[in-house]
Amino acid sequence: MCRNVTPPPDENRVPEWVNHIPTVSDGPLLKSYLAALKADMTPTCIDGQTGYFSSRHGNYVVTLDVPNGCVCGSHTRPCKHQYRLAMELNLMPGDFIHDPSKIKYLSLIHISEPTRPEPIS
């Protein structure tokens with residue numbers, strides 16, 4: 001379930017791989033990173049540090065955990081879903097294309113600056 005706000009990432013849970021932008025020498029990782037920039041990689045929802053992605057191959061619940069954070073068929077980890085989630089959370093740079101038609105919860109997805117959740121009374 002998507003929440004109204006996306007809390008800032010817990011710095012203790014940010015994986016080291018988000019600090020490395022793949023280059024040509026990284027081969028398959030670069031391919032995954034570049035695929036993550038495409039509009040069809042827009043997540044349908046983000047809840048905390050979990051992203052929900054939908055494609056013609058299935059629906060994926062994705063976290064930043066490598067190697068277990070995505071069950072897609074890719075043999076590369078992080079996969080394109082994990083790279084896109086990291087970009088959406090502003091944990092790594094990426095000039096990605098956003099496709100609003102993919103989003104099921106437009107007002108609930110983190111698009112720019114993360115906000116702090118309101119305390120529960």
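Here is a short walk through this structure, from its nonpolar core to its aromatic rings and its cysteines. Keep in mind along the way that the model is predicted.

Let's begin inside. In soluble globular proteins, nonpolar side chains tend to be buried together. In this model, the largest nonpolar core has 21 residues, and the members that touch the most others are W17, L64, Y83, L85, A86, M87 and M92. Helix 2 provides the largest share, with four residues.

Leaving aside residues up to four places away in sequence, W17 touches L64, V66, P78, Q82, Y83, A86 and M92. One of these contacts, Y83, brings us to the aromatic rings.

A pair of aromatic rings is described by the distance of the centres and the angle of the planes. How many aromatic pairs does the structure hold? There are two. In one of them, the ring centres of W17 and Y83 are 5.5 Å apart and the planes stand at 90°, so this pair is edge-to-face. W17 sits in the segment before helix 1 and Y83 in helix 2, so the pair links parts of the chain that are 66 residues apart. Y83 also pairs with Y33, again edge-to-face, with 5.6 Å from centre to centre and 90° between the planes. Because Y33 belongs to helix 1 and Y83 to helix 2, this pair ties together parts that are 50 residues apart in sequence.

Through the ring pairs, W17, Y33 and Y83 are linked into a cluster.

Finally, let's look at the cysteines. A disulfide is a covalent bond between the sulfur atoms of two cysteines. How many disulfides are counted here? The count is zero. Take C70: the closest cysteine sulfur is that of C79, at 3.7 Å, which is too far for a bond, because a disulfide needs the two sulfur atoms within 2.5 Å. C72 is in no disulfide either, and the nearest cysteine sulfur to C72, that of C70, is 3.7 Å away. Both of these cysteines are buried: C70 has a relative accessible area of 5%, and C72 has a relative accessibility of 9%.

Methods
Residues are numbered from 1 along each chain as its sequence is written. This is a predicted model: local features need pLDDT of at least 70, side-chain atom pairs count only at pLDDT 80 or more; totals for chains, interfaces and linings use all residues. Side-chain values use heavy atoms; hydrogens and water are left out. A nonpolar core is a set of buried Ala, Val, Leu, Ile, Met, Phe, Trp, Tyr and Cys residues joined through side-chain atoms within 4.5 Å. Buried means under 20% relative accessible area, exposed over 50%, partly exposed in between (1.4 Å probe, protein chains only). Helices (H or I, at least four residues) and strands (E, at least two) are DSSP runs, numbered from the N terminus. Contact means heavy atoms within 4.5 Å. Rings of Phe, Tyr and Trp (its six-membered ring) pair if their centres lie within 6.5 Å; planes under 30 degrees apart count as stacked, over 60 as edge-to-face and the rest as tilted.
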